[in-house]
Amino acid sequence: MATRPYPSYFMFKDTQKLWRWRYDASNAKTIAVSSESYHNRADCQRGIDIMKASHNSEVWMPSELVNSA
């Protein structure tokens with residue numbers, strides 16, 4: 001069996017036999033998960049692809065939190 005690299009996305013089937021993904025950081029801690037399950041593996045992969053493509057997305061927060069620590 002191959003050794004899993006980190007950081008990486010991990011695709012798996014949940015208890016309902018539906019596809020999900022999670023993203024694990026270089027320390028192997030989960031830092032993001034799919035917010036939905038998918039019937040098809042290809043749809044799960046598309047969710048991962050959308051996340052990968054969002055790396056240039058802006059970060060937004062309410063104005064009252066801008067100066068918060």
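This is a predicted model: local features need pLDDT of at least 70, side-chain atom pairs count only at pLDDT 80 or more; totals for chains, interfaces and linings use all residues.
**Entry 1**

I started with Phe10, which is partly exposed at a relative accessible area of 30%. My cut-offs: buried is under 20% relative accessible area, exposed is over 50%, and partly exposed is in between, with a 1.4 Å probe and protein chains only. Residues are numbered from 1 along each chain as its sequence is written, and side-chain values use heavy atoms, with hydrogens and water left out.

Phe12 is also on my list, partly exposed with a relative accessible area of 24%.

**Entry 1: aromatic pairs**

I then looked up ring pairs. Rings of Phe, Tyr and Trp (its six-membered ring) pair if their centres lie within 6.5 Å; planes under 30 degrees apart count as stacked, over 60 as edge-to-face and the rest as tilted. I get three aromatic pairs by this rule. Why do I call the pair of Tyr9 and Tyr23 tilted? Their planes stand at 55°, with the ring centres 4.6 Å apart, so the pair is tilted.

Tyr9 belongs to strand E1 (residues 8–13) and Tyr23 to strand E2 (residues 19–24), so I noted a pair that links distant parts of the chain, 14 residues apart. Helices (H or I, at least four residues) and strands (E, at least two) are DSSP runs, numbered from the N terminus. Tyr9 counts as partly exposed at 26% relative accessibility, and Tyr23 counts as partly exposed at 22%.

Back to the phenylalanines: Phe10 and Phe12 form a stacked aromatic pair, with 5.7 Å centre to centre and 20° between the planes. I also found that Tyr9, Trp21 and Tyr23 make up one aromatic cluster.

**Entry 2: a charge over a ring**

What lies over the face of Phe12? I found Arg22 there, at 5.7 Å from the ring centre. The test I used asks for NZ of Lys or CZ of Arg within 6 Å of the ring centre and within 35 degrees of the ring normal. Arg22 counts as partly exposed, at 26% relative accessibility.

**Entry 3: salt bridges**

Side chains of opposite charge can pair when their charged atoms come close. I counted three salt bridges in the structure, taking a side-chain nitrogen of Lys or Arg within 4 Å of a carboxyl oxygen of Asp or Glu.

Asp24 pairs with Arg4, and their closest N and O atoms are 2.9 Å apart. This one links distant parts of the chain: Asp24 is in strand E2, Arg4 is in the segment before E1, and they are 20 residues apart. Asp24 is buried, with a relative accessible area of 1%, whereas Arg4 is partly exposed at 22%.

Asp24 also meets Arg22 in a salt bridge, at 3.2 Å from N to O. Which residues do the shared partners join into one network? I noted Arg4, Arg22 and Asp24.

Asp14 and Arg20 form a salt bridge too, at 3.3 Å from N to O. Asp14 is buried at a relative accessible area of 15%, and Arg20 is partly exposed at 24%.

Is Val59 buried or exposed? Val59 counts as exposed, at 76% relative accessibility.
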